[in-house]
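Subject: Handover of a structure

Dear colleague,

Please find the structure below, followed by a short account of what was found in it.

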Amino acid sequence: MNILSIKNLTKTYSSGSRKLTVLDDVTFDISEGEIISIVGPSGSGKTTLLGLCAGLDSGSTGSVTLAGKDLQNLSEDQRAAIRNQSVGFIFQNFQLLPTLTALENVMVPLELKKRKDARAKAQELLDKVGLGDRATHYPTQLSGGEQQRVSIARAFANEPKILFADEPTGNLDTETGEMIEKLIFDLNKEEGTTLVLVTHDLDLAAKTQRIIHIKGGKIQEDAHA
Ligand code: ADP
């Protein structure tokens, strides 16, 4: 069963009279429970592709079917509802809300789901990522690795069917990177969550079951281990 199906996806940006094609006729499927990485040079379209797969943005042509729903014909609000239902996203630059504490950041998706136990569940998730004692800290009071772990706890909060992570170990020291890697892979092992990782870390990519190479917005290779 496919959790994600991308067909002939193209994304173009216009700047003045010029058109920039960032994704060019991309087609692939991802099965439930699969672990895949997307690799390629800087500027090749990886982040754009991940955002389209997760419904953060919509493509120019083609289709994205996520958890059985065709995202291309949906409004931003409808896409947001699907994201909140099925998707976890770990951003390259964490994207924590600066005015909220670590705990409150993790509570956001839980409150959107109107969970009465949002506070307790968020604390449990912070404990899981080893930051139980940082609950009242604001993002600026946390190191990069700690902020990344808060963003992981937030991504885990809505028990996603599929987790997208954009350079989850980028800019982190080896030890912190390994801890984050383990948290993400354990989610697949324990919950069967599908993992889609954008990475330039070839050691990390080599641990995934499948590697999609992208260059100039096109898939160059789709290699299964
Ligand atoms: P990667 O993640 O592989 O480094 P990106 O997906 O971030 O690549 O970017 C691919 C290309 O799309 C780059 O040339 C970038 O400048 C361009 N791009 C990304 N977002 C926008 C945008 N909102 N408007 C115009 N061009 C963009």
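Helix H1 gives the most to the shell around the ligand, with three residues. Helices here are DSSP runs of H or I with at least four residues, strands are runs of E with at least two, and both are numbered from the N terminus. Please note that this is a predicted model, in which local features need pLDDT of at least 70 and side-chain atom pairs count only at pLDDT 80 or more, while totals for chains, interfaces and linings use all residues. Residues are numbered from 1 along each chain as its sequence is written.

The ligand shell

Both H1 (46-53) and strand S2 (18-31) supply at least two residues of this shell. The residues around the ligand are Tyr 13, Leu 20, Val 22, Gly 40, Ser 42, Gly 43, Ser 44, Gly 45, Lys 46, Thr 47 and Thr 48; a residue is near a molecule if its C-beta atom, placed from the backbone, lies within 6 Å of it. By class, the shell holds three nonpolar residues, seven polar and one charged. Ala, Val, Leu, Ile, Met, Phe, Trp, Tyr, Cys and Pro count as nonpolar, Asp, Glu, Lys and Arg as charged, and the others, Gly among them, as polar.

The annotated domain

UniProt, in an unreviewed entry, places the feature "domain: ABC transporter" at residues 4-225. Its positions are given in the numbering used here, feature names are shortened, and annotations may be inferred rather than shown by experiment. The span is 35% helix and 30% strand, and its end C-alpha atoms lie 19 Å apart.

Helix packing

The axes of H3 (residues 102-112) and H4 (residues 118-128) come within 8 Å and cross at roughly 125 degrees. Axes are lines fitted to C-alpha atoms, for helices over the stretch in contact, and angles run from 0 to 180 degrees between N-to-C directions. H3 and H4 are therefore oblique to each other; angles under 35 degrees count as roughly parallel, over 145 as roughly antiparallel, 65 to 115 as roughly perpendicular and the rest as oblique. The residues of their contact divide into nine nonpolar, one polar and three charged; two residues are in contact if their C-beta atoms, placed from the backbone, lie within 7 Å.

H4 also meets H5 (residues 144-157), with axes that come within 9 Å and cross at roughly 130 degrees. This pair is therefore oblique as well. Lys 121, Ala 122, Leu 125, Leu 126 and Lys 128 of H4 make the contact with Ala 153, Phe 156 and Ala 157 of H5. Six of these residues are nonpolar, none is polar and two are charged.

The axes of H5 and H6 (residues 174-191) come within 10 Å and cross at roughly 5 degrees, and the two helices are therefore roughly parallel. Among the residues in this contact are Phe 156 of H5 and Leu 187 of H6.

Yours sincerely
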